[in-house]
There are 2 protein chains.
Amino acid sequence: MIKVSKETEYALICLVKFVQDNNKYSARELAEYFNIPFELLAKILQKLSQNGILRSIHGPQGGYMFEKPAHSINLGRLLQILENPVETVSCLTHRNCRQSKKCNIRQNMEHIHHVVNDYFFSLTLEDFIARKSAAIGDR
Amino acid sequence: MIKVSKETEYALICLVKFVQDNNKYSARELAEYFNIPFELLAKILQKLSQNGILRSIHGPQGGYMFEKPAHSINLGRLLQILENPVETVSCLTHRNCRQSKKCNIRQNMEHIHHVVNDYFFSLTLEDFIARKSAAIGDR
DNA sequence: CTATATACGACTAAAAATCTCGTATATAAC
DNA sequence: GTTATATACGAGATTTTTAGTCGTATATAG
């Protein structure tokens with residue numbers, strides 16, 4: 001079906017909100033505002049802070065805020081954190097599928113994976129919000 | 001997880017084989033050669049012939065062969081046939097998700113979807129095999 | 001007529017994504 | 001120092017999607 005997970009959607013929705021308001025929000029505030037399951041969103045925000053995207057503040061009046069500016073947050077990196085893994089085709093990680101002996105598409109799929117992946121890595125969160133896009137392909 | 005389905009993998013494996021050998025093969029031959037579940041592959045090949053990619057021949061000595069040359073078979077079209085649908089983000093088809101009222105990423109996701117989709121539509125099966133990639137992007 | 005092939009819908013099984021629960025830890029406010 | 005509010009994190013349940021199977025019908029070469 002080729003689509004990003006709800007986790008990635010939820011993460012992007014919140015990150016865009018952080019950019020728009022330049023503010024600190026708790027997981028509960030964001031979950032209620034966007035109607036996202038709280039426990040799920042909490043784990044997503046934890047992942048983002050574990051990976052240096054957000055800074056977390058414990059205790060009352062705590063919450064999350066940006067660790068670094070939107071133009072230094074990379075979209076490819078976000079997918080890497082949230083999509084475990086981005087692979088485009090399963091044989092890129094599971095080398096021993098039932099077709100591996102006679103597989104005739106692995107390198108071709110890998111090439112496409114790189115093109116698409118490079119595209120995501122060429123975009124920052126700022127680009128995502130501005131709907132800018134560097135050129136894809138030309139490898 | 002962002003990857004193509006087994007159906008797409010199996011289809012590409014067989015299509016590449018058709019190109020390499022320029023031959024006619026039955027579903028059973030291909031299933032045995034590539035170690036793909038026969039019934040599943042049969043349905044995939046049926047989809048491809050329903051959509052004008054392959055020609056099917058009934059009866060003994062029957063099977064499948066190309067309906068048109070590899071350079072006129074489009075990768076985006078193949079995904080369209082096999083991935084039902086290619087959407088990148090779920091809100092593109094399910095407009096009423098729980099966040100729809102306050103969603104702040106739909107148009108941004110749509111933009112990315114178009115860039116990636118256009119890339120796939122810029123490639124033919126021949127390009128896929130040659131690992132070429134046309135440049136698109138810059139939208 | 002028979003063997004071999006495609007056509008196609010319904011069903012089951014397996015895998016993955018999504019969501020929930022329980023418990024631990026940190027800290028601001030009082 | 002107690003309490004209320006927040007993050008941290010692993011385990012488990014549920015739902016959805018994908019992958020694979022089964023049964024039956026139809027076409028056709030020999």
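**Exercise 1. Determine how many disulfides are present over all chains of this predicted model.**

Solution. The criterion is a pair of cysteine sulfur atoms within 2.5 Å. Two cysteines may then be classified by accessibility. Cys14(B) has a relative accessible area of 1% and is therefore buried, because buried means under 20%. Cys103(A), at 24% relative accessibility, counts as partly exposed.

**Exercise 2. State how many salt bridges occur over all chains, and describe the pairing of Asp21(A) with Lys17(A).**

Solution. The count over all chains comes to 10 salt bridges. One of them joins the side chains of Asp21(A) and Lys17(A), with an N to O distance of 3.0 Å. Next, consider the position of the pair: the two residues are four residues apart in helix α1 of chain A, so about one helical turn separates Asp21(A) from Lys17(A). Lys17(A) is buried, with a relative accessible area of 13%, whereas Asp21(A), at 30%, counts as partly exposed.

**Exercise 3. Characterise the salt bridge of Lys17(B) with Asp21(B) and that of Glu110(B) with Arg106(B).**

Solution. In the pair Lys17(B) and Asp21(B), the closest N and O atoms are 3.0 Å apart. These residues lie four residues apart in helix α1 of chain B, a separation of about one helical turn. Lys17(B) is buried at a relative accessible area of 12%, while Asp21(B) is partly exposed at 31%.

For Glu110(B) and Arg106(B), the N to O distance is 3.2 Å. Both residues belong to helix α5 (residues 106–121) of chain B, where they are four residues apart, about one turn of the helix. Glu110(B) is partly exposed at 23% relative accessibility, and Arg106(B) is partly exposed with a relative accessible area of 26%.

**Exercise 4. Classify the packing of helix α1 of chain A with helix α3 of chain A, and list the residues that meet.**

Solution. The axes of α1(A) (residues 6–21) and α3(A) (residues 38–50) are 10 Å apart, at an angle of about 70°. The helices are therefore roughly perpendicular, because that class covers 65 to 115 degrees. From α1(A), Glu7(A), Tyr10(A), Ala11(A), Cys14(A) and Leu15(A) meet Leu40(A), Leu41(A), Ile44(A), Lys47(A) and Leu48(A) of α3(A). By class, the contact comprises eight nonpolar, no polar and two charged residues.

Note on methods. Residues are numbered from 1 along each chain as its sequence is written. Chains are lettered from A and ligands numbered from 1 in the order in which they are written. This is a predicted model: local features need pLDDT of at least 70, side-chain atom pairs count only at pLDDT 80 or more; totals for chains, interfaces and linings use all residues. Side-chain values use heavy atoms; hydrogens and water are left out. Axes are lines fitted to C-alpha atoms, for helices over the stretch in contact, and angles run from 0 to 180 degrees between N-to-C directions. Angles under 35 degrees count as roughly parallel, over 145 as roughly antiparallel, 65 to 115 as roughly perpendicular and the rest as oblique. Contact means heavy atoms within 4.5 Å. Ala, Val, Leu, Ile, Met, Phe, Trp, Tyr, Cys and Pro count as nonpolar, Asp, Glu, Lys and Arg as charged, and the others, Gly among them, as polar. Buried means under 20% relative accessible area, exposed over 50%, partly exposed in between (1.4 Å probe, protein chains only). A salt bridge is a side-chain nitrogen of Lys or Arg within 4 Å of a carboxyl oxygen of Asp or Glu.
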